[in-house]
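Subject: Structure handover and findings

Dear colleague,

Please look it over first and then read on.

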Amino acid sequence: MSSTFFTWLRSPAAREYFFSTHFWGPVANWGLPLAALADLAKDEEVISGTMTTALACYSMVFMRFAWRVQPRNYLLFACHATNATAQSIQEARFINYWHMGGREKKLEDEAKANLQEGAVTQAVKAAIEAKKSDA
């Protein structure tokens, strides 16, 4: 198997492929899914529902194109499948945050954390005052 691949790699067909838009177009396109994957770690507050939907639809259309073009462009298909998946996850995060109570839960959790932080701060201050009055 590997010897067949290396034989092909040294062939004129491989050079033709690596110097074509059939290869470099998808390689250049990988910026979109890589950015989408990086965005999965960002706060839901900054997700644009409109842009996420547009990018998911765009990638689904180009997945079909990559499948239908002859010869099939598997690299382009994989690029857009990755982007469509990441954008769909972003869309689910957007809907959960803005329409399914995610924002309210986050604000509630932040308020609880701030209350706990305030209670700890007051306890520390009280302990310091008690230590000062003992001295």
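Helices here are DSSP runs (H or I, at least four residues), as strands are (E, at least two), and they are numbered from the N terminus.

Before going further, please keep in mind that this is a predicted model, in which local features need pLDDT of at least 70 and side-chain atom pairs count only at pLDDT 80 or more, while totals for chains, interfaces and linings use all residues. Residues are numbered from 1 along each chain as its sequence is written, and side-chain values use heavy atoms, with hydrogens and water left out.

The two domains

The chain is divided into domain 1 (2-100) and domain 2 (101-134), with bounds that come from an automatic or database domain assignment. Their C-alpha centres lie 45 Å apart, and 7 residues of domain 1 are in contact (heavy atoms within 4.5 Å) with 4 residues of domain 2. Between them the domains bury about 450 Å², of which 44% is on carbon and sulfur atoms; buried area is the accessible area (1.4 Å probe) that two parts lose on being put together, summed over both.

Between domain 1 and domain 2 there are 3 residue pairs in polar contact, both residues at pLDDT 80 or more. A polar contact is a pair of N or O atoms within 3.5 Å; within protein, one atom must be able to donate a hydrogen and the other to accept it, and residues adjacent in sequence count only if both atoms are side-chain atoms. On the side of domain 1 that touches domain 2, the residues divide into 3 nonpolar, 2 polar and 2 charged, with Ala, Val, Leu, Ile, Met, Phe, Trp, Tyr, Cys and Pro counted as nonpolar, Asp, Glu, Lys and Arg as charged, and the others, Gly among them, as polar.

Salt bridges

Side chains of opposite charge can pair when their charged atoms come close. The rule used here asks for a side-chain nitrogen of Lys or Arg within 4 Å of a carboxyl oxygen of Asp or Glu, and it finds 1 salt bridge across the interface of domain 1 and domain 2. A search of the whole structure finds 5 salt bridges. In one of these, the side chains of Lys 106 and Asp 43 meet at 2.7 Å, N to O. Lys 106 lies in helix H7 (residues 102-134) and Asp 43 in the loop between helix H4 (31-39) and helix H5 (49-68), so this pair ties together parts that are 63 residues apart in sequence. Lys 106 is partly exposed, with a relative accessible area of 24%, and Asp 43 is partly exposed at 32%.

Lys 105 and Asp 109 meet at 3.1 Å, N to O, and, being 4 residues apart in helix H7, are separated by about one helical turn; Asp 109 is partly exposed at 35% relative accessibility. Glu 108 forms a salt bridge with Lys 112, the closest N and O atoms being 3.6 Å apart, and these residues too are 4 apart in helix H7, about one turn of the helix. Glu 108 counts as partly exposed at 46% relative accessibility, and Lys 112 counts as partly exposed at 46%.

Thr 52 lies in helix H5 and is buried, with a relative accessible area of 6%. Not counting residues up to four places away in sequence, Thr 52 touches Ile 47, Gln 87, Gln 90 and Glu 91. Ala 66 is also in helix H5 and counts as buried at 1% relative accessibility; leaving aside neighbours within four places in sequence, Ala 66 is in contact with Arg 72, Asn 73, Leu 76 and Phe 77. A cis peptide bond joins Gln 70 and Pro 71, with omega about -5 degrees, and Pro 71 has its place in the loop between H5 and helix H6 (74-99).

How values were computed:
Buried means under 20% relative accessible area, exposed over 50%, partly exposed in between (1.4 Å probe, protein chains only).
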